[in-house]
Structures are given as structure tokens and as C-alpha cells.
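Please read them alongside the coordinates.

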Amino acid sequence: SSTCQKAGDDTRTRSATQQRAARIVHPYPYTFSTFAKKRWEGQCILDVYEKEFGSYPRSYYDAAIASGRITVNDLKVATDYIIKG
């Protein structure tokens, strides 16, 4: 993209206008759920989360499983839990 501006093009004004037009959605709780995939069977839950849901580092999933934020059938499991089909 070009860093040049057209005459009369005030980037600060345009950005402020776009920001005022943006819709702000505040954080809210949401429960994600999924069924075990065939390819996950026999694998450690921590490994699956790291590979399949790689939005966060392994340490995040480790802490989430250990604290019970990630569960299996609504039960807290160990980070070395092996997924069953």
C-alpha cells in the first residue's frame, strides 16, 4: 500500500470517523463444545489441543486443562488424559 496522501486527505479524521462507526462488542462467556474426532482417538488431550486449536501456546492449554476450564464430558481430567472414541 502507498504511504502517499492525496491533497486534502486527512488520515486522522478518516480513522476517527471509522472508529466512531465501529460496533463495540464487550466480552461475554461462551462455552465451546465438540465431539471427539476419530483422528484424536488414542492421543493425549494436551497434544490434541495444541495441534488442533493452536490459537494459544501449549502452556495455556496445559493450565486450562489442569484448572478444569477444559473438560471431558463435564469432568476435570489430567493433562495426560487419552481421548477415547
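How much space lies in the largest pocket?

1. The model is predicted. In this model, the largest pocket holds about 1,000 Å³ of space. Its lining comprises 26 residues, and Phe 32, Ser 33, Thr 34, Tyr 49 and Thr 71 are those that lie nearest the centre.

2. Sorted by class, the lining of the largest pocket consists of 17 nonpolar, 6 polar and 3 charged residues. Helix H2 (45-52) and helix H3 (58-67) each contribute at least two residues to this lining.

3. Phe 32 is placed in the loop between helix H1 (11-21) and H2. Because its relative accessibility is 73%, Phe 32 counts as exposed. Together with Val 25, Tyr 28 and Tyr 30, Phe 32 makes a nonpolar surface patch of about 570 Å².

4. The count of salt bridges comes to 4. One of these joins the side chains of Lys 38 and Glu 41, at 3.6 Å from N to O. Lys 38 is exposed, with a relative accessible area of 67%, whereas Glu 41 is partly exposed at 34% relative accessibility.

5. A further salt bridge is formed by Asp 47 and Arg 58, whose closest N and O atoms are 3.0 Å apart. This pair links distant parts of the chain, with Asp 47 in helix H2 and Arg 58 in helix H3, 11 residues apart. Asp 47 is partly exposed, at 28% relative accessible area, and Arg 58 is partly exposed at 33%.

6. Arg 58 also meets Glu 50 in a salt bridge of 2.5 Å, N to O. Through shared partners, salt bridges join Asp 47, Glu 50 and Arg 58 into one network.

Notes: Residues are numbered from 1 along each chain as its sequence is written. This is a predicted model: local features need pLDDT of at least 70, side-chain atom pairs count only at pLDDT 80 or more; totals for chains, interfaces and linings use all residues. Side-chain values use heavy atoms; hydrogens and water are left out. On a 1 Å grid over the protein atoms alone, a cavity is a set of points where a 1.4 Å probe fits but cannot get out, and a pocket is an open set with protein on both sides within 12 Å along at least five of seven lines; lining residues have an atom within 4 Å of a point. Grid points are joined across faces, edges and corners, and a volume is the space filled by probe spheres set on the points. Helices (H or I, at least four residues) and strands (E, at least two) are DSSP runs, numbered from the N terminus. Ala, Val, Leu, Ile, Met, Phe, Trp, Tyr, Cys and Pro count as nonpolar, Asp, Glu, Lys and Arg as charged, and the others, Gly among them, as polar. Patches are made of residues with over 30% relative accessible area and no salt bridge: like charges are joined within 9 Å, nonpolar side chains (Val, Leu, Ile, Met, Phe, Trp, Tyr) within 5 Å. Accessible areas come from the Shrake-Rupley method with a 1.4 Å probe; for residues, only the protein chains shown count as cover. Buried means under 20% relative accessible area, exposed over 50%, partly exposed in between (1.4 Å probe, protein chains only).
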